[in-house]
Amino acid sequence: MSKITEQIEQLALPIIEELNLELVDVEFVKEGRSWFLRVFVDNPEAPIDIEQCAVVSEKLSEILDEIDPIEQNYFLEVSSPGAERPLKKDKDFDNARENSSTLKPMNRLKTRKNLKDICYRIMRNK
């Protein structure tokens, strides 16, 4: 995680927790000529809706305008992680274990057996 995403996570977390939502991930990426700050939130109690994302976006935007932690111009996007939610935290793996999941490795593994071994070790340790 970069310094920018760590700082944004620290700024966003109190807003998100105040709304009883969950911070899933923060990305700061360049696509073409534009920079995007993406904050992914979820509602652990029910499906998240666009109004909840809009509230997070408005409150976070106010803080970002005040503190101005990012030098470049960027677009702020707040959304749900979607159906293809990345598995990054222990809680994500716990939730995925209870549901049907398809795992796609972020880097190349030499064989399917390696992926199966990794999944087995993750599930066994829980």
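This is a predicted model: local features need pLDDT of at least 70, side-chain atom pairs count only at pLDDT 80 or more; totals for chains, interfaces and linings use all residues.

Colleague: At what angle do helix α1 and helix α2 pack?

Modeller: Two packed helices are described by the angle between their axes and by the distance between those axes. Helix α1 covers residues 3-18 and helix α2 covers residues 50-67, and their axes lie 10 Å apart. The crossing of α1 past α2 is right-handed. The packing angle is about 145°.

Colleague: How many nonpolar residues does the contact of α1 with α2 have?

Modeller: From α1, the residues in contact are Ile8, Leu11, Ala12, Ile15, Ile16 and Glu18. They meet Val56, Lys59, Leu60, Ile63, Leu64 and Ile67 of α2. By class, this contact has two charged residues and no polar ones, and the number of nonpolar residues is 10.

Colleague: Which side chain forms a salt bridge with Glu18?

Modeller: Side chains of opposite charge can pair when their charged atoms come close. For Glu18, the N to O distance in the salt bridge is 3.2 Å, and the partner is Lys59. Glu18 lies in helix α1 and its partner in helix α2, so the pair ties together parts 41 residues apart in sequence. The side chain asked for is therefore that of Lys59.

Colleague: Which strand holds Glu27, the salt-bridge partner of Arg38?

Modeller: The side chains of Arg38 and Glu27 meet in a salt bridge at 3.9 Å, N to O. The pair links distant parts of the chain, 11 residues apart, with Arg38 in strand β2 (residues 34-42). Glu27 is in strand β1 (residues 22-31).

Colleague: Is Arg38 buried or exposed?

Modeller: The relative accessible area of Arg38 is 14%. Because buried means under 20%, Arg38 is buried.

Colleague: Which residues are joined with Arg38 into one network of salt bridges?

Modeller: Arg38 also forms a salt bridge with Glu31, the closest N and O atoms being 2.9 Å apart. Glu31 is partly exposed, with a relative accessible area of 40%. Salt bridges that share partners join Arg38 into one network with Glu27, Glu31 and Glu77.

Terms used. Residues are numbered from 1 along each chain as its sequence is written. Side-chain values use heavy atoms; hydrogens and water are left out. Axes are lines fitted to C-alpha atoms, for helices over the stretch in contact, and angles run from 0 to 180 degrees between N-to-C directions. Helices (H or I, at least four residues) and strands (E, at least two) are DSSP runs, numbered from the N terminus. A crossing is left-handed if the near helix is turned anticlockwise from the far one by less than a right angle, and right-handed if clockwise. Contact means heavy atoms within 4.5 Å. Ala, Val, Leu, Ile, Met, Phe, Trp, Tyr, Cys and Pro count as nonpolar, Asp, Glu, Lys and Arg as charged, and the others, Gly among them, as polar. A salt bridge is a side-chain nitrogen of Lys or Arg within 4 Å of a carboxyl oxygen of Asp or Glu. Buried means under 20% relative accessible area, exposed over 50%, partly exposed in between (1.4 Å probe, protein chains only).
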